[in-house]
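Thanks, everyone. I have one structure to go through today, and I will keep it short. Please look at the screen.

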Amino acid sequence: MAKKIGVLTSGGDAPGMNAAVRAVCRAGLQKGMQVLGIRRGYNGLLNGEVVDMNARSVSGIIQRGGTMLYTARCPEFMGAEGVKKGRDKCIELGLDGIVVIGGDGSFRGAADLSAQGIPCIGIPGTIDNDISCTEYTIGYDTAMNTAMEMIDKIRDTAQSHDRCSVVEVMGRGAGYIAINVGAAVGAEAVITPEREYDLNAIAKNMQETKKAGKTHFIIVVAEGVGKTEYITRTIQELTGIEARATILGHVQRGGSPTVRDRVIATEMGYHAVELLEQGIGNRIVGMKNNKIYDVDIQEALSMKKPFEDDLYDILTRTAF
Ligand code: ADP
Ligand code: F6P
């Protein structure tokens, strides 16, 4: 039933957001809707920073990292007044619904706006894969591949110098990037917020395997652990093996999205528009059992996501 929809990206950017924006725009147009691009997240909604989109507005963006709509954090939208202002703006702009591409925070805003009568659909876009209602978030695969390539390079120099490289990867409070990248690079240890760790045990393993011929080591640390420098110093002190810390940082947020990110973003974008077409709001599009589905936002926000304990255990048993 929606005749005019908006699309925005909010919170941290993620590779593949452009592919999602493209899919929303093209799907909306194909269904006879008018599509507005809202710039800089909820800020753009409050300030009326919008652009009328046609099919060519999203040409040549599917392969680009970042978000053509820009993104922002908007503290004003976190208060009831901000949300009411957002609703008034939607009415003024004639918007029948909005697709919000972002993380949990952005979805809270989408739920608030839906409660004010503006149907909103969330699409999970974050490299962290830390959104409970979905097995997959847009940007995760690209970020992991970037981190893996960087750590492969770090391994070259760690090997030349007989060192231990301690590499911090992103993930906010979650260790999904860390555990998967750790498995992919053959890390000797992965330290994540979800599992307890024992630096003495890691150091002992390192010393024993060094005696047996291992020359260098990679330890992957999730940023949520918050102790990368300390871990590096302690490992060096305990083992006598020279250690270096590398914080990969925002390099993980950029770059051309992988096949997986582009395809899932396209499917999710299309599904979001199908919901708005039927006048349905207050839903998040996600992936369940490898299929695209949608779920009520409140229900989604109350879910808990299990950690990949099996992978953690396999990694630990094959590390040394
Ligand atoms: P993410 O969407 O990646 O989790 P943030 O938590 O920074 O990122 O949230 C992005 C934006 O979503 C915030 O700057 C704010 O505009 C909006 N937002 C976050 N939490 C809420 C909330 N509880 N109510 C309304 N809007 C919110
Ligand atoms: O949520 C994505 C993410 O890159 C996290 O992994 C990280 O903790 C955070 O955003 C960094 O945010 P900022 O871009 O504000 O430095």
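This is a predicted model, and I begin with the aromatic residues. The structure holds 3 aromatic pairs. I will take one of them, Y42 with F77. The ring centres of Y42 and F77 are 4.0 Å apart and the planes meet at 5 degrees, so this pair counts as stacked; the cut-off for stacking is under 30 degrees. Where do Y42 and F77 sit in the chain? Y42 belongs to helix α2, residues 41–47, while F77 is in the loop between β3 (50–53) and α3 (80–93). The two are 35 residues apart, and the pair thus links distant parts of the chain.

Now to ligand 1. The space that ligand 1 takes is the largest pocket. There are 15 residues around the ligand, and those that come nearest are R73, C74, G103, G105 and S106. Which element gives the largest share of this shell? Helix α4, residues 104–115, supplies 6 residues of the shell. By class, the shell divides into 7 polar, 4 nonpolar and 4 charged residues.

Next, the polar contacts of the ligand, taken residue by residue. In R73, an N or O atom of the side chain is 2.9 Å from an oxygen atom of ligand 1. With G105 the backbone is involved: one of its polar backbone atoms is 3.0 Å from a ligand oxygen. For S106, a polar side-chain atom lies 2.5 Å from an oxygen atom of the ligand. As for burial, ligand 1 taken alone exposes 550 Å², and the protein buries 83% of that.

That is what I have; I will take questions now.

Definitions and conventions
Residues are numbered from 1 along each chain as its sequence is written. Chains are lettered from A and ligands numbered from 1 in the order in which they are written. This is a predicted model: local features need pLDDT of at least 70, side-chain atom pairs count only at pLDDT 80 or more; totals for chains, interfaces and linings use all residues. Side-chain values use heavy atoms; hydrogens and water are left out. A residue is near a molecule or strand if one of its heavy atoms lies within 4 Å of it. A polar contact is a pair of N or O atoms within 3.5 Å; within protein, one must be able to donate a hydrogen and the other to accept it, and residues adjacent in sequence count only if both atoms are side-chain atoms. Accessible areas come from the Shrake-Rupley method with a 1.4 Å probe; for residues, only the protein chains shown count as cover. On a 1 Å grid over the protein atoms alone, a cavity is a set of points where a 1.4 Å probe fits but cannot get out, and a pocket is an open set with protein on both sides within 12 Å along at least five of seven lines; lining residues have an atom within 4 Å of a point. A molecule sits in a cavity or pocket if more than half of its atoms lie within 2 Å of its grid points. Helices (H or I, at least four residues) and strands (E, at least two) are DSSP runs, numbered from the N terminus. Ala, Val, Leu, Ile, Met, Phe, Trp, Tyr, Cys and Pro count as nonpolar, Asp, Glu, Lys and Arg as charged, and the others, Gly among them, as polar. Rings of Phe, Tyr and Trp (its six-membered ring) pair if their centres lie within 6.5 Å; planes under 30 degrees apart count as stacked, over 60 as edge-to-face and the rest as tilted.
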